[in-house]
Amino acid sequence: MPPANTAYVLSNNFTKIAPKVYVKPDADASVATGSEEFPYRTVQAAINATTEPVTIIAKPGVYAEGYVEHPNYGCTRILTDRVLRITSEAGAENTILMGSPSTDPSADEYGRGPGAVRCIVQNGNMTQIQGFTLTGGRTAKTNTAGAHDGFGGAIFNASTYLSVDDCII
């Protein structure tokens with residue numbers, strides 16, 4: 001039996017035990033450790049703080065801050081780059097990942113333009129997203145940031161395997 005603070009992650013046809021890391025949108029980032037008592041404030045903060053496969057558990061709330069800017073994929077709230085499982089604790093109705101329209105004067109009427117923020121870019125191997133509402137994501141209206149910047153406002157899968165389960169998009 002695995003230790004209490006672990007979860008199973010399927011990776012390359014074998015099961016590996018991975019630690020659980022917690023996030024909560026109103027957490028105090030200054031004391032965050034990823035524990036259930038001291039969660040990270042954003043999913044990306046949890047990804048950045050870990051190097052091994054992990055299960056990231058998102059507490060209920062609206063995740064609408066922070067982003068990563070990638071040279072080929074533009075701005076995104078979450079950029080995955082390895083084996084990860086990102087799951088909500090309370091389901092899609094209660095856990096919202098919110099992108100953002102561009103505020104640049106050159107943006108079109110849909111909010112597509114420089115600085116627009118996608119919800120998720122998957123640029124790694126074997127990522128599972130489960131139990132989120134993905135909303136408000138936008139991209140550049142042209143491929144200004146790279147070859148793929150104009151596609152996929154909610155999710156852009158730039159790699160081999162992405163599983164999206166029980167999500168509202």
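Colleague: In what order do the three strands of the open sheet lie?
Modeller: This is a predicted model, so local features need pLDDT of at least 70, side-chain atom pairs count only at pLDDT 80 or more, and totals for chains, interfaces and linings use all residues. Residues are numbered from 1 along each chain as its sequence is written, and side-chain values use heavy atoms, leaving out hydrogens and water. Strands (E, at least two residues) and helices (H or I, at least four) are DSSP runs numbered from the N terminus, and two strands pair if DSSP finds at least two bridges between them. Pairing here is parallel, and the order is 4-8-11.

Colleague: Which strands are the edge strands?
Modeller: An edge strand here pairs on one side only. That picks out strand 4 and strand 11 (133–135).

Colleague: How many bridges join strand 4 and strand 8?
Modeller: Strand 8 covers residues 95–98. G61 has T95 in strand 8 as its bridge partner. The two strands pair in the parallel sense, and the bridge count is three.

Colleague: How many salt bridges does a search of the whole structure find?
Modeller: A salt bridge needs a side-chain nitrogen of Lys or Arg within 4 Å of a carboxyl oxygen of Asp or Glu. The search covers the whole structure, and the count is six.

Colleague: How many residues apart in sequence are the parts tied together by E36 and K59?
Modeller: The closest N and O atoms of this salt bridge are 2.9 Å apart. E36 lies in the loop between strand 2 (14–23) and helix 1 (43–49), and K59 in the loop between strand 3 (54–58) and strand 4 (61–63), so the pair ties together parts separated by 23 residues.

Colleague: Is K59 buried or exposed?
Modeller: Buried means under 20% relative accessible area, exposed over 50%, partly exposed in between (1.4 Å probe, protein chains only). E36 has 46% and is partly exposed. K59 has 12%, so K59 is buried.

Colleague: Which residue forms a salt bridge with E65?
Modeller: E65 is partly exposed at 39%. The closest N and O atoms of the pair are 2.8 Å apart, and the partner is R41.

Colleague: Which residue forms a salt bridge with R82?
Modeller: R82 is buried at 15%. With closest N and O atoms 2.8 Å apart, the partner is D81.
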